[in-house]
Amino acid sequence: MLLPVRLFLFICYRFLTLVIQILINELKMKKSATLYILLTISFGISAQQTVTQYVYKQVDTLSLTMDIYYPSSMDAGKKYPAMIYFFGGGWVGGSTAQFEPHAKYFSERGLICILADYRVRNKHKTSPFESLKDAKSAIRYIRKNAERLNIDPNQIIASGGSAGGHLAAATAIIEKYDEPGEDLSISSIPQALVLFNPVIDNGPGGYGYERIGDQYKDFSPLHNIEKGAPPTILFLGTEDSLIPVETVQYYKTVMEKVGSRCDIHLYEGQKHGFFNIWFKEYYNKTVFEADKFLSSLGYISGAPTISVD
């Protein structure tokens, strides 16, 4: 007995949907971002936030990865601003999970957000210099592969907290510490910075000097600000034991002296790490201000969607 036409068409549709979903999963595994986005938009299979992982750097047997968070609603023919995050931990430890909440929020605000792993002392027996090399490599990877990642290579924002904030700032300001053999014609300099209590002074009396030594002259963002430094927003608690308020105020002074924007937000009585998700009030407040800052630069539009009540 022949199936009714409507039932037959329904079975065909379900079969096609299944095939497309399998193909989408395969494309995710193969890291073909553009085709993945085209299929999800064309067939309406997935309205969920898309997260894909890429190996951005190989160091001997070590594969360094980045997780990329795509907005749940995308135009496959459009290139999007990207925001890359570097976790804190004193170049000693840490996890990309620190900035997952930020990546989820800002990807829903229209940015492609990236959580980059990098080498640290406890896990890889490395120094802060290798950490910076990796941060620069990560931004070069994004720019080199911008077309297939649906990223605008001229709209890259670097962000991070504490030592990760140093790395974000250093990719923009520090000339040295590139990985040997990399294509230096591909810039590692972001167009904007969002810094959460960053350890920007690595000179005598500053954070990490005992490990950096005299190389601070080439490694410390505070000591290397020059004309053309990208617009920056910086968050700090007034009771931060690692970063004096005077340090970020001087950083702002030097930035403005060379003609660069530097917005500082100080939070009375707050200590190092106050911006993290487990301090919900200040997570919300700092994300709200970061949202407004990025909107003022044209990277996102509309009012912040996070509450600061």
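1. At what angle do the axes of helix H5 and helix H7 cross? The answer is roughly 65°, with the axes of H5 (residues 128-144) and H7 (residues 163-173) coming within 9 Å. The axes here are lines fitted to C-alpha atoms, for helices over the stretch in contact, and angles run from 0 to 180 degrees between N-to-C directions. The crossing is right-handed, meaning that the near helix is turned clockwise from the far one by less than a right angle. On the H5 side the contact is made by Ser 131, Leu 132, Ala 135, Lys 136 and Ile 139, and on the H7 side by Leu 167, Ala 170 and Thr 171. Contact means heavy atoms within 4.5 Å.

2. A word on what you're looking at. This is a predicted model, where local features need pLDDT of at least 70 and side-chain atom pairs count only at pLDDT 80 or more, while totals for chains, interfaces and linings use all residues. Residues are numbered from 1 along each chain as its sequence is written, and side-chain values use heavy atoms, with hydrogens and water left out.

3. The overall picture: 11 helices and eight strands, which are DSSP runs numbered from the N terminus (helices are H or I, at least four residues; strands are E, at least two).

4. For the classes, Ala, Val, Leu, Ile, Met, Phe, Trp, Tyr, Cys and Pro count as nonpolar, Asp, Glu, Lys and Arg as charged, and the others, Gly among them, as polar.

5. H7 is worth a look for its burial: 11 of its 11 residues are buried. Those residues include Gly 164, His 166 and Thr 171. Among the elements covering them are strand S3 (80-86), H5, strand S5 (151-161) and helix H10 (245-257).

6. Within H7, have a look at Gly 164. Its relative accessibility is 0%, so Gly 164 counts as buried. The C-alpha atoms of Gly 164 and Phe 86 are separated by 4.5 Å, although these residues are 78 residues apart along the chain. Leaving aside neighbours within four places in sequence, Gly 164 touches Phe 86, Phe 87, Gly 88, Tyr 118 and Ser 159.

7. Two loop residues carry a positive phi. Most residues other than glycine have a negative phi. Ser 162, in the loop between S5 and H7, has phi near 60°, and at 11% relative accessibility Ser 162 counts as buried. Asn 150 sits in the loop between helix H6 (146-149) and S5, with phi near 65°. Asn 150 is also buried, with a relative accessible area of 0%.

8. The largest pocket has a volume of about 240 Å³. A pocket, on a 1 Å grid over the protein atoms alone, is an open set of points where a 1.4 Å probe fits, with protein on both sides within 12 Å along at least five of seven lines; lining residues have an atom within 4 Å of a point. Grid points are joined across faces, edges and corners, and a volume is the space filled by probe spheres set on the points. Of the 18 lining residues, the closest to the centre are Ala 172, Ile 173, Ile 174, Glu 175 and Ile 189. H7 provides the largest share of this lining, three residues. The lining divides into seven nonpolar, five polar and six charged residues.

9. The second largest pocket holds about 180 Å³ of space. Among its lining residues are Tyr 56, Lys 57, Arg 140, Tyr 141 and Asp 183. H5 gives the most to this lining, with four residues, and strand S1 (50-59) is also listed among the elements giving two or more. By class, there are three nonpolar, two polar and five charged residues.

10. Finally, helix H3 (residues 100-108). Its buried residues are Pro 101, His 102, Ala 103, Tyr 105, Phe 106 and Ser 107. The cover over them includes strand S2 (62-70), S3 and helix H11 (280-296). Just after H3, Gly 110 takes a positive phi of about 105°.

Definitions and conventions: Buried < 20%, exposed > 50% of the residue type's maximum accessible area, 1.4 Å probe, protein only.
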